[in-house]
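Have the model open while you read, and take the points in order.

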Number of protein chains: 2
Amino acid sequence: MEPSYSISELSNEFGVTNITIRYYESIGILIPKRYGQKRIYSSSDRVTLELILRGKRLGFSLSESKEIIDLYSASQGEEGQLKLLINKLNDKRLELLEKRKDLNTALATMDSYSAKCRQRLKELESDK
Amino acid sequence: MEPSYSISELSNEFGVTNITIRYYESIGILIPKRYGQKRIYSSSDRVTLELILRGKRLGFSLSESKEIIDLYSASQGEEGQLKLLINKLNDKRLELLEKRKDLNTALATMDSYSAKCRQRLKELESDK
DNA sequence: ATACATGTTTACGTTTACGTAAACGATAAC
DNA sequence: GTTATCGTTTACGTAAACGTAAACATGTAT
């Protein structure tokens with residue numbers, strides 16, 4: 001039996017609001033089943049939400065995340081489609097590597113600045 | 001002699017519009033000197049712009065970047081301030097490390113998915 | 001049976017991060 | 001000397017990503 005989740009279970013678990021989750025549905029990126037009028041989320045929906053939120057943290061827009069998610073869910077193509085898919089995935093991979101470069105630069109900047117601060121603090125201490 | 005830049009020199013170099021740069025001024029994050037009414041950007045202003053744009057690529061809002069930039073430009077404090085600063089920098093550093101984790105997760109997901117696609121492609125080839 | 005928690009839709013509002021358009025100033029080129 | 005070129009301010013517009021409020025449905029608890 002596949003587990004399923006209500007909207008509030010998901011919103012609580014991931015620290016977002018129900019409104020946010022419904023918004024994702026309204027833009028066609030996270031579309032759950034229904035039981036009557038209530039939304040029922042599968043574990044695959046849960047993974048999708050994880051991808052969306054991770055994407056946000058990494059500075060991807062919702063439409064960019066949608067693009068990637070659509071790629072993931074389009075695995076069962078024939079040869080031509082598969083090749084295209086692999087290429088697109090590779091592009092996205094390169095984007096991520098660029099981001100990691102940026103991130104490492106930012107970390108290095110921060111570390112060196114922080115070191116400068118600690119140095120200055122030491123000087124102040126020894127001046128006492 | 002310190003180099004200086006016009007607004008268009010910077011916007012061209014970094015691939016943004018003059019409007020964007022003026023907007024950063026309007027929110028108090030990138031404030032150049034003036035020659036008459038024209039904006040003159042120093043190399044320190046240039047660095048600030050770099051920080052802002054890198055921050056954007058990493059998913060920081062302008063106000064978050066402003067926070068960090070304000071930290072950087074507040075190095076000349078006395079002991080208490082310095083300690084506070086070092087702590088804040090450390091917080092930001094942890095945020096960046098979290099992001100790097102996210103990034104590595106995303107990369108791993110992508111790689112394994114891409115491998116699955118290549119595998120499937122191979123199977124199709126050999127079925128011919 | 002009714003209160004309450006949880007869900008729904010619909011319409012409108014809000015913040016962030018800019019873009020557009022108009023009207024104008026200053027300097028350089030012909 | 002006027003015509004580009006580059007800049008300026010001011011007011012208004014816009015897309016993305018939600019939030020707010022109202023009015024209503026539905027299942028559970030007492």
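**Notes on the two-chain model**

1. Let's start with the nonpolar core. The largest one has 48 residues, and the members that touch the most others are Leu89(A), Tyr24(B), Leu30(B) and Leu89(B). Several elements supply at least two residues each: H4 and helix H5 (79-126) from chain A, plus H1, H2, H3, H4 and helix H5 (79-126) from chain B. Keep in mind that this is a predicted model.

2. Leaving out residues up to four places away in sequence, Leu89(B) touches Met110(A), Tyr113(A), Ser114(A) and Cys117(A) in chain A, and Leu71(B) and Tyr72(B) in chain B.

3. Now look at helix H2 of chain B, residues 18-26. Which of its residues are buried? They are Ile21(B), Tyr24(B) and Glu25(B). These three sit on the same side of H2(B), because they cover an arc of only 105° around the axis.

4. What do the buried residues of H2(B) pack against? In chain B, their partners are helix H1 (7-14), strand S2 (33-35), strand S3 (38-42), helix H3 (43-57) and helix H4 (62-72). Just after H2(B), check the backbone at Gly28(B), where phi is positive, at about 75°.

5. Asp102(B) belongs to helix H5 of chain B. With a relative accessible area of 11%, Asp102(B) is buried. Apart from neighbours within four places in sequence, Asp102(B) is in contact with Arg54(A), Arg57(A) and Leu58(A).

6. The other one is Ser65(B), in helix H4 of chain B. Buried or exposed? Ser65(B) counts as buried, because its relative accessibility is 5% and the cut-off for buried is under 20%. Its contacts, again setting aside neighbours within four places in sequence, are Ile29(B), Ile52(B), Gly55(B) and Phe60(B).

7. H3 and H4 of chain B each supply at least two lining residues, and H3(B) gives the most, with 5. By class, the lining splits into 7 nonpolar, 4 polar and 2 charged residues.

8. The second largest pocket has about 150 Å³ of space. Among the residues lining this pocket are Ser44(A), Asp45(A), Thr48(A), Ile69(A) and Ser73(A). Helix H3 (43-57) and helix H4 (62-72) of chain A are the elements that give two or more residues to the lining. The largest share, 5 residues, comes from H3(A). The classes here are 7 nonpolar, 3 polar and 1 charged.

Notes:
Residues are numbered from 1 along each chain as its sequence is written. Chains are lettered from A and ligands numbered from 1 in the order in which they are written. This is a predicted model: local features need pLDDT of at least 70, side-chain atom pairs count only at pLDDT 80 or more; totals for chains, interfaces and linings use all residues. Side-chain values use heavy atoms; hydrogens and water are left out. Buried means under 20% relative accessible area, exposed over 50%, partly exposed in between (1.4 Å probe, protein chains only). Helices (H or I, at least four residues) and strands (E, at least two) are DSSP runs, numbered from the N terminus. The arc is that of the directions from the helix axis to the C-beta atoms. Contact means heavy atoms within 4.5 Å. Ala, Val, Leu, Ile, Met, Phe, Trp, Tyr, Cys and Pro count as nonpolar, Asp, Glu, Lys and Arg as charged, and the others, Gly among them, as polar. On a 1 Å grid over the protein atoms alone, a cavity is a set of points where a 1.4 Å probe fits but cannot get out, and a pocket is an open set with protein on both sides within 12 Å along at least five of seven lines; lining residues have an atom within 4 Å of a point. Grid points are joined across faces, edges and corners, and a volume is the space filled by probe spheres set on the points. A nonpolar core is a set of buried Ala, Val, Leu, Ile, Met, Phe, Trp, Tyr and Cys residues joined through side-chain atoms within 4.5 Å.
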